[in-house]
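Please read the following note with the sequence and the structure open side by side.

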Amino acid sequence: MFSDFDRTAMQRALELAALGLTTTHPNPRVGCVLAKSGRVIAEGWHARAGGAHAEVLALEAAGSRAAGATAYVTLEPCSHHGRTPPCVDALIGARVARVVYAIADPNPQVNGRGAALLAAAGIAVEEGLLAHDAAELNAGFVKRMRCARPWVRVKLAMSLDGRTALAGGASRWVSGAAAREDVQHWRARSSALLTGTGTLLADDPRLDVRLGDEADGTPRRQPLRVVLDSALHTPPSARLFSVPGDVLIVTAVPATDPRWEPRCAALAARGARIETLPADDGHVPLAALLERLGELEMNEVQVEAGARLAGELLRQSLVDELLLYVAPKLLGPQARPLVVLPELTRLDDAPELMIHDVQRVGDDLRLLLRPRASGDG
């Protein structure tokens, strides 16, 4: 049974973990609070891959006071050697008396082993405090570890009548300035940004994060920019090559195709990496693309693309979340639709979403929606 103080301490650990929202890729966001006799004695949070983990930083801050303390950690302490030594060794060595963690580490190299080692050392171990909040904070890491695919978030903006652009394609701007600024924060937390060549050719986006340096003054990490380009139509003059950051172009064109060498040479000269996946009816298979991004340790992928790609991801049940901005405008029936889906003959066949969160952002509404799973109420 967890006490009120336990909950307060874990809530603080979650706040600390969230400080790494944009920086910890590909690692999870983790916070740690050390407390003794109902008083916090030290804190720590993981900032970057290769840097000290939250538990180690908190233990270093506590020093000898850590003996007999309770450690509140948002994720099960790691038990394996990665870029840093195991946190369980540090906790055991510091002689803490109790460890409370929110969720088990889904990494197969840990997943219960950390807790077992702590218990074997005589440390009281408890799991599950504020588990939902901790899982939400690391939805991408958890998804990748369990399913070998990233968490897929599709960002869209529409008018009140569900339109994204005028019939001629003009779409700047459907949403307001505050919404566009908000998108930058969602980009910053993403491991990768994904678009298709339709959007690339029509809008020529940079797909970068424009928020300045991190709070500590370090240069901001730019997500991997991924272009879904089945036929190698990406122009070397595209604006996404004009800003810092890595670009991955995924195509269905095999290296034996005559188009491969000249087009890839021109794109590689601009710094792009090109990978081919076996074609599915001439297109890059989306499930295979996500599996490849999982192999590349992408936790959260934000899709910023057109109605066809967004619709196809929904049709194939590959979307975990819709980030939808609704502007108080009406564009009319000739304007372009939000997504392209196969024609339905029964309402019961319509993809159904649950509203996870609603916020007002400037003059617009921001809806966070998730597909309704079978059995959801």
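1. Contact here means heavy atoms within 4.5 Å. With neighbours within four places in sequence left aside, Leu-34 is in contact with Arg-39, Val-40, Ile-41, Ala-42, Ala-58, Leu-59, Ala-62, Ala-66, Thr-70 and Ala-71.

2. This is a predicted model, in which local features need pLDDT of at least 70 and side-chain atom pairs count only at pLDDT 80 or more, while totals for chains, interfaces and linings use all residues. Residues are numbered from 1 along each chain as its sequence is written, and side-chain values use heavy atoms, with hydrogens and water left out.

3. A nonpolar core is a set of buried Ala, Val, Leu, Ile, Met, Phe, Trp, Tyr and Cys residues joined through side-chain atoms within 4.5 Å, where buried means under 20% relative accessible area (1.4 Å probe, protein chains only). The largest such core has 41 residues, and Leu-34 and Leu-59 are among those with the most contacts inside it. Helix α1 (residues 4–18) gives the most to this core, with 6 residues; helices are DSSP runs of H or I of at least four residues, and strands are runs of E of at least two, numbered from the N terminus. Apart from this core lies another, of 34 residues, including Val-303 and Leu-324.

4. An open sheet of mixed pairing is formed by 9 strands, in the order β11-β10-β9-β8-β12-β6-β13-β16-β15, two strands being paired if DSSP finds at least two bridges between them. Because β11 (272–276) and β15 (353–361) at the edges each have a single partner strand, one side of each is left without a neighbour in the sheet.

5. Strands β8 (residues 192–196) and β9 (residues 224–228) run parallel and are joined by 5 bridges, with Thr-195 opposite Val-227 in β9.

Key. Buried < 20%, exposed > 50% of the residue type's maximum accessible area, 1.4 Å probe, protein only.
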